[in-house]
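Have the model open as you read.

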Amino acid sequence: MTILCVRFQLPPTGEAALSGLLGLLEEFTPVVEALPPDGALADLRGAERYFGRDAVELASVIRVRALALHGVDCVIGAGPGPMLARMAMRDARPGVTRAVSEETVRDFLAERPVAALPGVGTATARTLCEYGLDTLGRVAAAPLSTLQRLVGARAGRELHEKANGIDRGRVVPNAVSRSLATERPFTRDEVDPDRHRRALLSAADELGARLRALDKVCGALTLTVRYADRSSTTRTRTLTEPTAHSVALTRTAYEMYEALGLQRARVRSTALRAESLGPAEQASHQLSFDPVDERLRRIEEVADRVRARFGPHAVMPGSLAA
């Protein structure tokens, strides 16, 4: 168990605190990968030898320091690789680290639905379930050739390895500034799709305004939906062109949400993350000759000036489309 997946329980507007919390992790290891808006992966292989403590013991120290220095509790999963650490974190709760050792990997995975495996989308899960491969234990026991016929050669091999607990991922150190993120928690678990969409509209509008204020554009958008049972679904989509246009971000967020096919899901929060940031002056905008789109872009410029003068809440989310 050398990898930790940490999710800090930040307040709704606490994304700025993530940088300091990453610094806390870097006191133990330089191999830290930010997972905005509120998480990180940390490779503790060197730290275990240096401090003479295992990953679970170090996780307890990290939790205490996060509370003492930042007033932030955290949920931590530990595993032999990043994928298993992420999955363990979903079962964790504040104060208790969920650890998966190499000896317990198969038992940990066996009864989980195939959709719980990172990288398995709705369509792949549906295909596997149609053939009775509805748990990771059954997928692990299936012949490799069968999986490759069902989902393709490369995807089948990766699925077979992951279901058997073979985690080839690694922690890639990065900087939190490579992305911007915002989250919309609900006051109670929400099943109404209209409220889900309104939350996405608000988040996309905020991201667009922040990108334009920084003179940045994003090349990809990530949607994370967290559920009442503490599980989550994350999807990333590359944009057709880098943009900071709130309407384009909203459209992409809606498309990813609709593709999830949620049926009365109890959603605890939704989050959007703008990734692959770049300078706005180096981005090209393909002219659409759509007068509505051009009008919305001009209104955006006015709205940004209003926000700059009167504050971020001076313009209601979604008012651009009115």
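Is Glu190 buried or exposed? Glu190 is buried, with a relative accessible area of 11%; buried here means under 20% relative accessible area, exposed means over 50%, and partly exposed is in between (1.4 Å probe, protein chains only).

## What you're looking at

This is a predicted model, where local features need pLDDT of at least 70 and side-chain atom pairs count only at pLDDT 80 or more, while totals for chains, interfaces and linings use all residues. Residues are numbered from 1 along each chain as its sequence is written, and side-chain values use heavy atoms, with hydrogens and water left out.

## Charge pairs

Side chains of opposite charge can pair when their charged atoms come close. Searching the whole structure turns up 18 salt bridges, each being a side-chain nitrogen of Lys or Arg within 4 Å of a carboxyl oxygen of Asp or Glu.

Back to Glu190: its side chain meets that of Arg195 in a salt bridge, at 3.7 Å from N to O. Arg195 counts as partly exposed, at 42% relative accessibility. Another pair is Asp43 with Arg45, whose closest N and O atoms are 2.5 Å apart. Asp43 is buried at 7% relative accessible area, and Arg45 is partly exposed at 48%.

## A link across the sequence

Now take a look at Asp38 and Arg7, which form a salt bridge at 3.1 Å, N to O. Asp38 sits in the loop between β2 (32-35) and β3 (39-43) and Arg7 in strand β1 (residues 3-8), so this pair ties together parts that are 31 residues apart in sequence. The helices (H or I, at least four residues) and strands (E, at least two) are DSSP runs, numbered from the N terminus.

Asp38 is buried, at 5% relative accessibility, while Arg7 is partly exposed, at 26%. The pair also belongs to a network of salt bridges that links Arg7, Asp38, Glu183 and Arg226.

Most residues other than glycine have a negative phi. Which way does phi go at Arg264? Positive: Arg264 has a phi near 55°. You'll find Arg264 in the loop between α11 (246-260) and β9 (267-279), and with 67% relative accessibility it counts as exposed.

Ser276 has a positive phi too, near 55°. Where does Ser276 lie? Ser276 is in strand β9, and it counts as exposed, at 53% relative accessibility.
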